[in-house]
Amino acid sequence: MGAMSTTNGRARVLAVLGGERPDRLPLWLMRQAGRFLPEYRAVRADVPFLDLVRSRSLCTEVALQPLRRFDLDATIVFSDILVIPDALGAGLSFEKGDGPKIERPLVTDEAVEALAWDGVCDRLGYVYDAVKDLRAAAPDHALFGFGGSPWTLFCYLTQGQGGGEFASARAALWAHPERSRMVLDRLADAVAEHLVRQARAGADVVQVFDTWGGLLPAADYEAIAAPGLRRITKRLAAEGIPAVLYVRAGAHLVDVTRNLGFSALSVDSTVDLAHLHGIPTQGNLDNTRLLGGREAIAEGVARIGAALGGRRNHIVNLGHGVLPSTPPDAVSVLVDEVRRLG
Ligand code: CP3
């Protein structure tokens, strides 16, 4: 395919997802709005995280912060994958330093039925309002909406607290297979609806975050995680919405995940990009390289360039979110190095 005359980030990202060649590799960073930016910490000093997520004006402000500093090609609505458990009434809180906590984990059939499954997205209007405002504020950037994968949401909802390897969530799969299947199916429908509504509000593309998919062996991923993801991509395809699947630590899952109907796979640094062709890709750069100075960043970018060879159907990103300790200048270095690849 010939080079399209793509002139902004939005066109570049959509070119990659649509199988066209962008004029240069697009770039954005997972968690680009967040604690590594002093201006984000200043906003957060006065507002609890969930209040920030629910504030229409502050969501736009913090999503725009990285775009003011860095020449990035995409923006992502400021929200969280756990807004769905929150809107289901599971009792979400973020305790300082402890990560998320679910007050009423899904450990009985009664706990499942006690959640407000009907009309869950009607209680997430603040997310769609935030998408709408960000669309207007960043018209030349590709706008990502997002949601958690059914499996990753199942992990948080079942275990309640203290992630680790989510042993109790995984154990529930075998101890309570029917309940688990039902929860995964209901989550898939909720996530699909949530993503469709973000696209209708102005998102160009939606990303499904499967942070804990890598905990499952490939055969279990196919049996347990994949059906919900197929349900989601079927719905998105019917609406013509491009979708990216991010799986952390999922190098062993690529033969499954590439066949789930997503437009692109976002991979962490354990995947060898040189062995992943035939589908657009995203990610791959080890986020700790941003803590290692220019050489470490340049080498990581050069390695991605080498693995891609001549192909340009890749969106440069990290393998996992920006770490809070990342010096903002490291992101400027990354942008420069990526632009040198063309
Ligand atoms: O620019 C962006 O990407 C911001 C939007 C965004 C957030 N969370 C904001 C956030 C996105 C895309 C997410 C996704 C998310 N949330 C995932 C999947 C991606 C991944 O990182 O694996 C997961 C697993 C969550 C759940 C979650 N949210 C956890 C485990 C935590 C606590 C750990 C932490 O990093 O603090 C959060 C909180 C959270 N979500 C923060 C941000 C900016 C930090 C909140 C703060 O300001 O204290």
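Tutor: Let's start with a term: helices (H or I, at least four residues) and strands (E, at least two) are DSSP runs, numbered from the N terminus. This is a predicted model, where local features need pLDDT of at least 70, side-chain atom pairs count only at pLDDT 80 or more, and totals for chains, interfaces and linings use all residues. Residues are numbered from 1 along each chain as its sequence is written, and side-chain values use heavy atoms, without hydrogens and water.

Student: What is a pocket, and what lines it?

Tutor: On a 1 Å grid over the protein atoms alone, where a 1.4 Å probe fits, a pocket is an open set of points with protein on both sides within 12 Å along at least five of seven lines; lining residues have an atom within 4 Å of a point. Points join across faces, edges and corners, and a volume is the space filled by probe spheres set on them.

Student: How much space lies in the largest pocket here?

Tutor: About 1,500 Å³. Its lining has 46 residues, and the closest to its centre are Arg31, Arg35, Phe49, Asp80 and Phe94.

Student: Which element gives the largest share of that lining?

Tutor: Helix 2, with three residues.

Student: And how much space lies in the second largest pocket?

Tutor: About 180 Å³. Strand 8 (281-285) and helix 13 (293-308) each give two or more residues to its lining. Helix 13 supplies the largest share, four residues. Among the lining residues are Ser269, Asp272, Arg289 and Arg303.
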